[in-house]
Amino acid sequence: MDILSLDLQSGLDQGLASNNASTKAEATNLVLEQGVSDIRRNFFETEDFSEHGKTWTMLSKRHADYVRLYIKTSQEPHTFDDTMYPNSIGKIDTVQNIVRLESLLRPLESYGCSYDELKTAHDSDDIDLLDDFLSLWNEDRDMRPAFATFLNAVSEDVCHDDWPDRLRDRLGLAHYSVANGPEPVALMRYSVSEVQAEATSGNPLTMPTVLDSDPWPHYFPAPRSLQYGRAMALTPCEGDETLVVEFLNAKVTYRRENLWKIGQIVTPAPIHEITDLRALHLLALQIASGDDKFGT
Amino acid sequence: MTTTAIDHSREKHPWLDAVKVAPVDAVNDLLQGYAPVFPYTRADAPDAAHVLFGSLPHDDPSLLALDRGIIDWLDDQRREPLPSDPPHLQDRIRQVSEAFEIIALLNLPTSAAKLRNEYIRWASWTERMVLAPSRDAQAAYLRMLANTQRIATSDKADTDSLGPFWIRICRDAGSKYPARYLQIGLLGLRRLPSAVDNGDTPWIAGLAAWAKEQEPSDKAFLRAWRPIKSLHPMTPSQTAKRVYNVLSQREYADADITPPAWWSNDPDLPNTQTGKGQRNVMEPPPPHYRQTLLDDLRNGARFADLEDRLNAMTNMYKRFTDVTGDTYHLKRSFSNVGNALLKGATEARQERAEFAQYLARQTLRYNPWHEYAWSLWRDALFYARSFEASIALGWEAILRFPNDVTMRTELAEILIACKRTDDALNLMEASIEADVSNVVSFSILSRLHSHTGDAVAARDAVDCGLDIDPHDFGLLNALDALNNNRPLVLVSTARQRVIDSMDEPSHRQPSEIERSGTLRGLRNRLAKDQAALNELKSILDNDPTFAYAQLLAARHGIWESTENQLPLFAAAFEEALASEDLIRLEALTQQQPRLASLILLARAILGDETAATEVTNRLRRPDGSEDARMTRTLRHRFEPVLTLVDNGLSAVEAIGKRSQSLRVAIYDTNEILAVPELMRA
């Protein structure tokens, strides 16, 4: 993404020059990003939604503000907004199944139900309780884009008993921690056609861009030529074949049928040096895309 | 190249030190996504907070700092105007909602207690922040209250005191509150400490209250009932018994609702009807328990010796009411015992007065329109020497019960005792003119005139009173005194006794009652007195979210809502009325159908013929309308209009002739409705 604003460029340069690996990673993401349209980039740089400044701190805050105001929103996010020329993934087989890992911590608290109670209800197909729970959860969810992957990309992991931990690691969800006990999660499953059926814009499925989430060193932009993003796993990448496809879909109103599995993450997230993880991930992206200049 | 795994899961995050140094800034950073909390930066603030703080001991300095910081942050937000542009507005609501979530997730006691104790302030603020189901700060606030009931109370407070409040939320889910709030009301009941500790099932009363009020279809009722049944399994016969406990009570019997009523479509319930004589309904507390307390109070027993029994009695009645939803026994007992505590008290006056207040307020939680409870509360405040609060409450009570003569005469006695004789005189004269008076009113009037040295007026008042009742002993004595040129005693004996007691008036921060009382005193001067307007502006500057101040400011054109601000309904109504905006008034009817009569009357005053005819018909009818309470309040003030219509005027002409007094009636009614929780917090 070519930042044209001189002030923001100054901040970006500071970030790139930082000795802090996370800062440098977040700044690099802005540079590497290929999927943000000019209109959207211009909005990000010039719109008066946040303070402008010349420092990395100001640029990072501006990024966080942008995500709060226009991505994690109760209105249509820029991610799918046709006027922002979304980063479309192009044609896609509509019967494909999508999976997404959702935290259940807050939905359970809102509903007033424990993990065990929900698990029991799920296992016994307690239609009334599940419908009631999902109804509340759907209402509480806003319109933000959902990071997801195809079922066939993780089908092997899903078959294991420790699927929550495996998916957490493969999808790079470092914020799912067990520092305060097991993390209850749900594996949601829905089809591309279900996403499209609820769409309010022409592009309800997009390739992720750096502006679609908070500044995050575990995010790594993929070359546009790959059509989909590639999740950076929490463990060192062992080759381009292990890269997991990731994309964004617009809100799906969950039904009982979509609540595929319920489980708990029970192991701490593996933490490796971010520089090492990113270096290996970049190499894999270069191989996968055939573009050895990407990221250099 | 190193690829070493580093396990940080058990270490305290370094950012927690920043929380100790500057808690409010840290909370702000967390909610805005600026906080350097890697690897949790990407998580929403409540998730991040849960991970960072959830395993800390309750006395950890960082956790304590977070507790202080988050409530201070909320206080700051409450003083800020809401943003007008949609992206910032939805973001602000989300941040506030997440702050409430954090408090509940982490069980932060200081924040939770303050948010509960200052309910009026926070409820009226969050009421403005309902943009969409996913941006609903009111729901987030209520859920936080539901989930923190056990921790949010001081030593003296009652952890179950929100029980009646949750019942009201259930009842009004689908009318005053969105339908989805039924879940919140039921959550509150499910999380009542007594429900958790004793195995009570107050949610059955909640569901019954909802069903009676909202009349759901059979399918809709089962949809609401079955998840609760799953989460709180009981045997079918236990369920049936508890359902019968609730539905056998007077409130449902009077409405011809026969057990098992809405539960009859649940195939799991045993197909049995209870008959008379079968003892499977919950009985109220035995009457002798209350009676012996009353006897002991009247016989001069010491308060300290009775306190345990008083508390036990209170808990028994509350538990019965929470389980069954029947308020009759509680209302009666609390009023009787409360009055007995105050009458003739010669010791522990402050403790008795506080307990009587407690009984009054508990009664009002279950039945906000119980006249005796209002009187008891007013008198208890007076006995506690909280004179300003007593007076303010007295005025509130008159607004709510405009036809009650005793409310007026008792307030007049209090005003006299507090040396506010001009106010007392105005009150009695206005009451007599409005024909809400009796011999006592004239007796008081005569004493007031005698006090000012106007013997002629004093004599006239006595004569008017004797016209009503020629044998009234007090008036005959007054006549005798006046005939012998003796002045009449101004202050009543009972009130004088309180004034003369050795206790000092209580000095503390003004309560919400007193703040509203101050505004009530300003109200009549605002139309013509710039100094009063300036005082109102100053009050609003000091607390821009003070609902009643905002309402009065809207009425007098010194407050405006912007298009994207979410104004308190009552203030929006005042603004629409003041600017004679018929379209906006119509839109407000859609928003609050239960206030339809009030809005209709407003439209009628502005010349809307259809509205004039409709409201005339409505106010003639007995209480069958949705807004029954409000129509009863308005009906008395509307009677002169009905007389004019009966004498041949059209509805709109008749309303036009009485528009000034009807406007005042609208103002009064709107004010009652604007702060509905004021007297129950």
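Of the 296 residues of chain A, 46% count as buried, meaning that 20 or more other C-beta atoms lie within 10 Å of a residue's own, with C-beta atoms placed from the backbone; 12 or fewer make a residue exposed, and anything in between partly exposed. The model is predicted: local features need pLDDT of at least 70, side-chain atom pairs count only at pLDDT 80 or more, and totals for chains, interfaces and linings use all residues. Residues are numbered from 1 along each chain as its sequence is written, while chains are lettered from A and ligands numbered from 1 in the order in which they are written.

Chain A holds 11 helices and 7 strands (DSSP runs numbered from the N terminus: H or I of at least four residues, E of at least two). Its C-alpha atoms fill a box of roughly 60 × 40 × 40 Å along the principal axes.

Now the interface. Chain A gives 46 residues to the contact and chain B gives 49. Two residues are in contact if their C-beta atoms, placed from the backbone, lie within 7 Å. These elements of chain A each give two or more residues to the side that touches chain B:

| Element of chain A | Residues |
|---|---|
| α4 | 56-70 |
| α5 | 105-111 |
| α6 | 115-123 |
| α7 | 127-140 |

B:Pro87 sits in helix α5 (residues 86-106) of chain B. B:Pro87 counts as partly exposed because it has 18 C-beta neighbours inside 10 Å. Leaving out residues up to four places away in sequence, B:Pro87 touches A:Phe49, A:Leu69, A:Tyr70 and A:Thr73.
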